[in-house]
Amino acid sequence: MSGKPRLIYINGRGRMEPVRWLLAAAGVEFEEKFVETREQLEKLVKDGELLFQQLPMVEIDGVKMVQTRAILSYIAGKYNLYGKDLKERAWIDMYVEGITDLMQMVMMFPFSPAEAKAKNLASIEEKATKRYFPVFEKETTRTRLSCGQPIQLGRCSANGSHFSSGGENTCCAFRVSSAAGL
């Protein structure tokens, strides 16, 4: 398990996408193995490869890691993208947790009953544009985070609100951009 990190996931973005972005920002090449059948997943579970019997999994530095947040924290720390001190790490963690809350709402939306879809979508849009995106927009204008190299993060929009970063590479920035679909 030495050499390039190996990403094991389905052939899609999902919970592995921020990991891909963070590795790319760190300039780290990686390999991907796609789990395409139920049997492949069951084999990983049976062999004890998946701590909580679910993907994603990243093999890096001789460790098989699961849980996206743990994977991101490890990679961010390893490649100096997790803040310069404990205070910056706490800010990054707060931003990451906020976007995780938003992502959870978005991920659950397809499972909404048909009669609740319009109401749930309106709730997600309102929270995204009034609660979450304004925080990220405000914070990207500050110089609170100072790890990594400058990045052009681009923008995402939801009902006319925009989030853009002229700041630094951080674990948070890639989690936000991934959740926003950039």
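Start with helix α1: Glu-17, Pro-18, Val-19, Arg-20, Leu-22 and Leu-23 are buried there. This is a predicted model, so treat everything below as a description of a prediction.

Arg-20 sits in α1, which covers residues 17-25. With a relative accessible area of 10%, Arg-20 counts as buried because the cut-off for that label is under 20%. Its side chain has polar partners: a contact of 2.8 Å links it to the side chain of Glu-17, and another of 2.9 Å links it to the side chain of Glu-32. Just past the end of α1, Gly-27 takes a positive phi of about 75°.

Now for the strands on either side of this helix. Strand β1 (residues 6-9) and strand β2 (residues 31-34) run parallel, joined by 4 bridges. Going from β1 through α1 to β2, the chain makes a right-handed β-α-β crossover.

How many strands form the open sheet, and in what order? There are 4 of them, arranged β2-β1-β3-β4, and the pairing is mixed. The edges belong to β2 and β4 (63-66), each of which pairs on one side only. On average, neighbouring strands of this sheet are turned by 20° against each other, direction ignored. Helix α1 packs on the sheet and touches β1, β2 and β3 (57-60), with its direction at about 165° to that of β1.

Let's step back to the whole chain. It has 6 helices and 6 strands, following the pattern β-α-β-α-β-β-α-α-α-β-β-α along the sequence. Of its 182 residues, 37% count as buried. Among contacts with a separation of 6 or more, 57% come from residues 24 or more positions apart. The accessible surface comes to about 10400 Å², and carbon and sulfur atoms account for 52% of that.

Next, the loop between α2 (38-46) and β3, where Gln-54 is found. Buried or exposed, or something in between: what is Gln-54? At 37% relative accessibility, Gln-54 counts as partly exposed. Beyond its neighbours within four places in sequence, Gln-54 is in contact with Val-66 and Gln-67. Gln-54 and Glu-42 are 12 residues apart in sequence, and their C-alpha atoms are 9.7 Å apart in space.

Most residues other than glycine have a negative phi, and most peptide bonds are trans. Gln-53, in the loop between α2 and β3, has a positive phi of about 60° although it is not a glycine. Pro-56 lies in the loop between α2 and β3 as well, and a cis peptide bond joins Leu-55 to Pro-56, with omega at about 10°. Over in the loop between β3 and β4 sits Asp-61, another residue other than glycine with a positive phi, near 55°.

One more loop is worth a visit. Ser-112 has its place between α4 (86-108) and α5 (117-139). Leaving aside neighbours within four places in sequence, Ser-112 is in contact with Lys-117 and Asn-120.

Here is how some of the residues in this report compare in accessibility.

| Residue | Relative accessible area | Class |
|---|---|---|
| Arg-20 | 10% | buried |
| Ser-112 | 10% | buried |
| Gln-54 | 37% | partly exposed |
| Asp-61 | 42% | partly exposed |
| Gln-53 | 55% | exposed |

Key. Residues are numbered from 1 along each chain as its sequence is written. This is a predicted model: local features need pLDDT of at least 70, side-chain atom pairs count only at pLDDT 80 or more; totals for chains, interfaces and linings use all residues. Side-chain values use heavy atoms; hydrogens and water are left out. Helices (H or I, at least four residues) and strands (E, at least two) are DSSP runs, numbered from the N terminus. Buried means under 20% relative accessible area, exposed over 50%, partly exposed in between (1.4 Å probe, protein chains only). A polar contact is a pair of N or O atoms within 3.5 Å; within protein, one must be able to donate a hydrogen and the other to accept it, and residues adjacent in sequence count only if both atoms are side-chain atoms. Two strands pair if DSSP finds at least two bridges between them. A crossover is right-handed if, with the strands pointing away from the viewer, the path from the first strand over the helix to the second runs clockwise. Contact means heavy atoms within 4.5 Å. Accessible areas come from the Shrake-Rupley method with a 1.4 Å probe; for residues, only the protein chains shown count as cover. Axes are lines fitted to C-alpha atoms, for helices over the stretch in contact, and angles run from 0 to 180 degrees between N-to-C directions.
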